[in-house]
Amino acid sequence: MPELFAYTDGACSGNPGPGGWGVLMLAREGATVVKERTLNGGEADTTNNRMELMAAISALEALARDTVITIITDSAYVKNGVTLWIHGWKKKGWRTADGKPVKNIDLWQRLEAAQARHKVRWEWIKGHAGHPENERADELAREGMAPFKARRA
């Protein structure tokens, strides 16, 4: 059975500003890619962190059935948020350690719900470091942002 990987990225022109997200999904048998799927989208007025979250959410929501998947992100915010911080936020009523409301709570809750039916392994990689799949996810994010960026010009 192939292993499933989702490389996710977000982009923003200005922060906030027009933004996009991209996902490169690969099913691999060993080193061989047996299936590829791409997803992307964007918003007119958003932030980079929201687009990073939307990429991960979109990858998980695109899965038709319960799946074992590895999500690879260049966003420490997303990886640390979903694997470390979210548990404390929930215990504190969606507040941070210093008592402030969690930013992007709507997307964190959506991400939590999207991953609940899957077995997700989260990995962080350095962005813009020549990693081909991450570069492709970045291209998809910039493509998702392009229509919104054009409207603003």
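**The pocket and its surroundings**

Tutor: The lining of the largest pocket splits into 11 nonpolar, 2 polar and 8 charged residues. Here Ala, Val, Leu, Ile, Met, Phe, Trp, Tyr, Cys and Pro count as nonpolar, Asp, Glu, Lys and Arg as charged, and the others, Gly among them, as polar. One heads-up: this is a predicted model, where local features need pLDDT of at least 70, side-chain atom pairs count only at pLDDT 80 or more, and totals for chains, interfaces and linings use all residues. Residues are numbered from 1 along each chain as its sequence is written, and side-chain values use heavy atoms, with hydrogens and water left out.

Student: Which residues that line the largest pocket are the closest to its centre?

Tutor: Start with the space: the largest pocket holds about 670 Å³. Of the 21 residues that line it, the closest to its centre are Leu 4, Leu 63, Arg 65, Thr 67 and Val 68. (On a 1 Å grid over the protein atoms alone, a pocket is an open set of points where a 1.4 Å probe fits, with protein on both sides within 12 Å along at least five of seven lines; lining residues have an atom within 4 Å of a point.)

Student: Which helices and strand do the buried residues of H3 pack against?

Tutor: Helix H3 covers residues 105–116, helices being DSSP runs (H or I, at least four residues) and strands too (E, at least two), numbered from the N terminus. Its buried residues (under 20% relative accessible area, 1.4 Å probe, protein chains only; exposed is over 50%, partly exposed in between) are Leu 107, Trp 108, Leu 111, Ala 114 and Gln 115. Those buried residues fall within an arc of 125° seen down the axis of H3, so they line one face of the helix (the arc is that of the directions from the helix axis to the C-beta atoms). They pack against helix H1 (48–61), helix H2 (76–91) and strand S5 (119–124).

Student: Is Thr 46 buried or exposed?

Tutor: Thr 46 sits in strand S3. Leaving aside neighbours within four places in sequence, its contacts (heavy atoms within 4.5 Å) include Cys 12, Pro 16 and Met 51. With a relative accessible area of 3%, Thr 46 is buried.

Student: Which residue does a cis peptide bond join to Asn 15?

Tutor: Look in the loop between S1 and S2, where this residue lies. The omega of the bond is about 15°. The partner of Asn 15 is Pro 16.

Notes: The expected span of a helix is 1.5 Å times one less than its number of residues. Grid points are joined across faces, edges and corners, and a volume is the space filled by probe spheres set on the points.
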